[in-house]
Amino acid sequence: MSNIVLAQAAEQAVNINPGLAAIGYGLGAIGPGIGVGLIFAAVINGTARQPEAQGKLQGIGFSTFVLTEVLALIGIVIYFIASAA
């Protein structure tokens with residue numbers, strides 16, 4: 001009798017994994033957003049201090065920007081994996 005009741009409760013349970021995955025990705029996307037802001041703030045600050053180093057600073061800035069954005073892309077992949085489970 002109790003097994004039948006538990007089986008019915010399991011069928012009526014709501015899957016909250018997609019919602020939790022979306023909240024997790026939203027919180028995880030804050031870090032790369034802050035990182036991109038800090039990277040380009042440093043590039044602008046460095047260029048203002050030493051205009052002759054602009055080319056080197058932009059190269060370093062864009063390479064670190066790519067690394068930061070990869071973190072966001074990994075987060076969205078994990079979101080899809082977690083929401084499908």
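User: Of the contacts between residues at least 6 apart in sequence, what percentage joins residues at least 24 apart?
Analyst: In the protein chain, 74% of those contacts join residues at least 24 apart. A contact means heavy atoms within 4.5 Å. This is a predicted model, in which local features need pLDDT of at least 70 and side-chain atom pairs count only at pLDDT 80 or more, while totals for chains, interfaces and linings use all residues. Residues are numbered from 1 along each chain as its sequence is written, and side-chain values use heavy atoms, with hydrogens and water left out.

User: How many helices and strands does the chain have?
Analyst: There are four helices and zero strands, giving the order α-α-α-α from the N terminus on.

User: What percentage of the residues counts as buried?
Analyst: Of the 85 residues, 14% count as buried. Buried is under 20% relative accessible area, exposed is over 50%, and partly exposed is in between (1.4 Å probe, protein chains only).

User: Helix pairs next. At what angle do the axes of H3 and H4 cross?
Analyst: The axes of H3 (residues 30-49) and H4 cross at roughly 180° and come within 9 Å. The axes are lines fitted to C-alpha atoms, for helices over the stretch in contact, and angles run from 0 to 180 degrees between N-to-C directions. H3 and H4 therefore count as roughly antiparallel. The cut-offs are under 35 degrees for roughly parallel, over 145 for roughly antiparallel, 65 to 115 for roughly perpendicular, and oblique for the rest.

User: Which residues make the contact of H3 with H4?
Analyst: H3 brings residues including Val36, Ile39, Phe40 and Val43, and H4 brings residues including Leu57, Gly61, Phe62 and Phe65. By class, this contact has 10 nonpolar, eight polar and one charged residues. Nonpolar covers Ala, Val, Leu, Ile, Met, Phe, Trp, Tyr, Cys and Pro; charged covers Asp, Glu, Lys and Arg; the others, Gly among them, are polar.

User: Take Gly61. Buried or exposed?
Analyst: Gly61 counts as buried because its relative accessibility is 3%. Gly61 is placed in helix H4 (residues 54-84). Apart from neighbours within four places in sequence, Gly61 contacts Ile39, Phe40 and Val43. The C-alpha atoms of Gly61 and Ala41 are separated by 9.6 Å, at 20 residues apart along the chain.

User: What is Leu57 in contact with, leaving aside neighbours within four places in sequence?
Analyst: Val43, Gly46 and Thr47. Thr47 is 10 residues from Leu57 in sequence, and their C-alpha atoms are 7.2 Å apart. Leu57 lies in helix H4 and counts as partly exposed at 24% relative accessibility.

User: How do the axes of H2 and H4 cross?
Analyst: At roughly 170°, coming within 8 Å. That makes H2 roughly antiparallel to H4. The contact includes Asn17, Pro18, Ala21 and Tyr25 from H2, and Ile76, Tyr79 and Ser83 from H4. By class there are eight nonpolar, three polar and no charged residues.

User: What does Ser83 touch, not counting residues up to four places away in sequence?
Analyst: Ser83 touches Asn17, Pro18 and Ala21. At 19% relative accessibility, Ser83 counts as buried.

User: Aromatics. How many aromatic pairs are there?
Analyst: Four. Rings of Phe, Tyr and Trp (its six-membered ring) pair if their centres lie within 6.5 Å; planes under 30 degrees apart are stacked, over 60 edge-to-face, and the rest tilted. Tyr25 and Tyr79 form a tilted pair, 6.3 Å centre to centre with 40° between the planes. Tyr25 is in H2 (residues 17-28) and Tyr79 in H4, 54 residues apart, and the pair links distant parts of the chain. Ring pairs link Tyr25, Tyr79 and Phe80 into a cluster.

User: What is the relative accessibility of Tyr25?
Analyst: Tyr25 is at 26%, which means partly exposed. Tyr79 is partly exposed as well, at 22%.

User: Last one: H2 and H3, parallel or antiparallel?
Analyst: Roughly parallel. Their axes come within 4 Å and cross at roughly 15°. Gly26, Leu27 and Gly28 of H2 meet Ile30, Gly31 and Pro32 of H3.

Key: Helices (H or I, at least four residues) and strands (E, at least two) are DSSP runs, numbered from the N terminus.
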